[in-house]
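Work through the exercises below with the sequence and the model side by side, and try each task before reading its solution.

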Amino acid sequence: MTGLLSAAGLGLVGAGAPAPADEARRDLEELRALAEEAGRELADAPALEIARWAAQTFGDRFCVTSSMADGVVAHLVSRVAPGVDVVFLDTGLHFPETLRVRDEVARRMPVRVRSIRPRMTVGQQDGQYGPRLFNRSPDECCQLRKVEPLERALAGYDAWAAGLRRDESPTRANTPVVGFDPRRGKVKVNPIAAWTQREVDAYVARHDIPVNELFARGYGSIGCWPCTRRTKAGEDPRAGRWAMFEKTECGLHT
């Protein structure tokens with residue numbers, strides 16, 4: 001289902017809002033070559049320079065994706081690309097605090113938030129797959145409510161930026177600042193890959209960035225409410241995600 005959201009004066013547009021047209025799209029080999037070259041040349045570059053390269057190289061065929069844990073990457077990119085599209089996957093299972101960050105980003109930053117919904121509401125999914133699919137088959141639930149919507153949302157872009165950081169978990173320790181996503185055939189930009197949590201906190205304080213209130217309540221990483229718990233002292237920040245399963249990623253970044 002792709003109903004239109006309304007948020008007067010917020011720069012928030014619905015799932016049906018068009019992404020860029022396909023005429024200027026580069027072919028896969030050109031995209032791969034661009035990613036490999038930039039990955040080498042920008043490996044030690046400041047985050048703002050990485051974002052500027054992406055904005056200048058891809059123009060309106062470049063977007064930001066955000067889980068709305070905070071607005072750091074959206075703000076960073078907006079400094080070099082005002083009006084940039086920010087894709088948010090509205091799973092229908094987010095904490096209210098996450099939706100508040102989304103609305104604050106749309107209200108306070110020069111960006112266009114595209115809030116993308118799954119093809120089915122939670123109720124429709126329950127009717128087709130049975131209730132609480134996230135408890136029985138979290139990979140399938142993530143596929144329906146995150147992975148498929150992201151692939152649909154990214155269809156009109158050549159490159160996308162995410163907020164992955166190497167210090168978040170062992171699975172992200174080798175995250176490049178620019179890479180090629182062969183699964184989607186797109187360039188993936190991770191401008192803050194090398195940042196530490198201290199650097200994120202400093203950026204938040206310097207620019208008054210919206211941050212999800214749940215971090216102050218003991219959550220180390222924030223996803224959908226049924227699959228997220230508070231983390232304990234000393235735990236990996238992502239230990240609270242799908243805690244009953246051998247799963248730390250939803251499939252968006254694998």
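The model is predicted, so local features need pLDDT of at least 70, side-chain atom pairs count only at pLDDT 80 or more, and totals for chains, interfaces and linings use all residues. Residues are numbered from 1 along each chain as its sequence is written, and side-chain values use heavy atoms, with hydrogens and water left out.

**Exercise 1.** Determine which residues of helix H1 are buried and what they pack against.

*Solution.* Begin with the assignment: helices are DSSP runs (H or I, at least four residues), as are strands (E, at least two), numbered from the N terminus. Buried (under 20% relative accessible area with a 1.4 Å probe, protein chains only; exposed is over 50%, partly exposed in between) applies in H1 to Leu 31, Leu 34, Ala 35 and Ala 38. Seen down the axis of H1, these residues fall within an arc of 100 degrees (taken from the directions from the axis to the C-beta atoms), so they line one face of the helix. The face turned away from the buried side carries the exposed residues Glu 29 and Arg 40.

**Exercise 2.** Find the residues that Val 189 touches, and count the disulfides.

*Solution.* Leaving aside residues up to four places away in sequence, Val 189 touches Ile 50, Trp 53, Ala 54, Phe 62, Trp 160, Ala 161, Ala 162, Val 177 and Val 178. For disulfides (a pair of cysteine sulfur atoms within 2.5 Å), the count is 0. Cys 141, for example, has as its nearest cysteine sulfur that of Cys 142, 6.1 Å away, and Cys 141 is buried at 6% relative accessibility.

Terms used. Contact = heavy atoms within 4.5 Å.
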